[in-house]
Amino acid sequence: MTSFITACPHCQSKNKVPESRVSDKASCGRCQSALFDGKPVTATTENLDALLTSELPVVIDFWAPWCNPCVGFAPVFEDTAADMSGQVRFLKVDTESQQNIAAKYQIRSIPTIMVFKSGKIVDSINGALPKSQFTQWLTQAIAK
C-alpha cells in the first residue's frame, strides 16, 4: 500500500495518508479536519511552508481581488481543485494581503500559476486560461 505525507491545511501538522483513503474523506490525526475538501486553501506566510512540504504536487494561484482576469480565472481553478482533490494540493495567494510571499516568488504579473514538487518550482504560467487548457498545462507540469 502506497501512502504520502501532506500537511493539514488547518493546523499544518503532517499526516501520512494511504492513497486508498484519500476518497474516504481523509482527516487530520491532530485536529480531525478534512485534509482534502476539494477547495483551494488560502495560503499565508504562516502556513505556506508547511503546505509546500507535501509529497503531493502543489499548485498556487497568485491573484488579487482587483484583477479582473484573476477573478474570472477563479472558477476554473476551483473546478480543477475539486476534480483533482487528493491528487494535487491547490493554494491561493492574495498578493495584496501576502506581499512577502509575492516578493519571495518574484510575482510580476497576475494571475501567475506555479506548480511545486517537493517544495521546488517545476513550472509556472502567467495569465488566465480556459479550463481545458489549464487542465492540459497542469497535467504536463505535474508530470515533470
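Relative accessible area sorts residues into buried (under 20%), exposed (over 50%) and partly exposed (in between), computed with a 1.4 Å probe on protein chains only. By that scale Lys-131 is partly exposed, with a relative accessible area of 31%.

The structure is a predicted model, in which local features need pLDDT of at least 70 and side-chain atom pairs count only at pLDDT 80 or more, while totals for chains, interfaces and linings use all residues. Residues are numbered from 1 along each chain as its sequence is written, and side-chain values use heavy atoms, with hydrogens and water left out.

Where a side-chain nitrogen of Lys or Arg lies within 4 Å of a carboxyl oxygen of Asp or Glu, the contact is taken as a salt bridge, and the count comes to four salt bridges. Among them are the following pairs.

| Salt bridge | N to O distance |
|---|---|
| Lys-104 and Asp-49 | 3.7 Å |
| Lys-131 and Asp-83 | 2.6 Å |
| Asp-123 and Lys-144 | 2.8 Å |

Helices (H or I, at least four residues) and strands (E, at least two) are DSSP runs numbered from the N terminus.

The salt bridge of Asp-123 with Lys-144, at 2.8 Å, links distant parts of the chain, with Asp-123 in strand β7 (residues 120–126) and Lys-144 in the segment after α4, 21 residues apart. Asp-123 counts as buried at 17% relative accessibility, whereas Lys-144 counts as exposed at 53%.
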